[in-house]
Amino acid sequence: MSTVSVSRVNISVIVPFLNEEATVVDLHVRLCQVLSRLGVSFEIIFVDDGSRDATFERMKSLSPLVSIRMRRNCGQTAALAAGIHEAKGDIIVTLDGDLENDPDDIPMLIGK
């Protein structure tokens with residue numbers, strides 16, 4: 001029997017999106033800036049919850065990013081669950097995709 005080692009990350013940020021093509025790139029840039037300043041390993045997971053606009057197409061151009069596409073709109077809870085299932089982080093942070101949650105608050109959140 002062999003064991004496969006999965007590398008862990010310190011922080012996983014999970015963001016569900018529904019028709020948020022206007023915010024995807026900006027949020028990714030802001031997350032990368034904040035997470036890079038923390039000096040820890042991280043992953044960003046964006047979940048497209050059945051968007052009918054170009055949300056997923058914009059996601060595909062971003063790096064680093066784990067992108068998940070739901071076949072249809074299943075709701076925020078299901079989208080978050082899909083992201084959490086894929087997460088490798090010791091700490092999971094969830095944000096909304098509409099920029100209502102400020103990525104600059106992440107250090108304070110994980111500091112608690």
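This is a predicted model: local features need pLDDT of at least 70, side-chain atom pairs count only at pLDDT 80 or more; totals for chains, interfaces and linings use all residues.
## Helix α1 and what covers it

Let's start with helix α1, where V24, L27, H28, L31, C32, V34 and L35 are buried (under 20% relative accessible area, with exposed over 50% and partly exposed in between, using a 1.4 Å probe and protein chains only). Helices (H or I, at least four residues) and strands (E, at least two) are DSSP runs, numbered from the N terminus. The cover over the buried residues of α1 includes β1 (9-17), β2, α2 (55-59) and α4.

Why does the length of α1 make sense? Just after α1, G39 has a positive phi of about 70°.

Residues are numbered from 1 along each chain as its sequence is written, and side-chain values use heavy atoms, leaving out hydrogens and water.

The pLDDT is the predictor's confidence in each residue, from 0 to 100. For the protein its mean is 92, and 93% of the residues reach 70 or more. Over residues 1-6, however, the pLDDT is below 50, and beyond near neighbours in sequence this stretch has one contact in the model (contact means heavy atoms within 4.5 Å).

## The sheet

Four strands make an open sheet in the order β3-β2-β1-β4, with parallel pairing; two strands pair if DSSP finds at least two bridges between them. Because β3 (66-69) and β4 (89-94) are at the edges with a single partner strand each, one side of each has no neighbour in the sheet.

β1 and β4 pair over five bridges in the parallel sense. S12 stands opposite I92 in β4.

## The nonpolar cores

A nonpolar core is a set of buried Ala, Val, Leu, Ile, Met, Phe, Trp, Tyr and Cys residues joined through side-chain atoms within 4.5 Å. The largest has 19 residues, of which V13, V15, L31, F46 and I106 touch the most other members. Helix α1 gives the most to this core, with six residues.

Leaving aside neighbours within four places in sequence, L31 contacts V13, V15, I44, F46, L95, P103 and I106. A second, separate core of nine residues includes I14, I68, L80 and A87.
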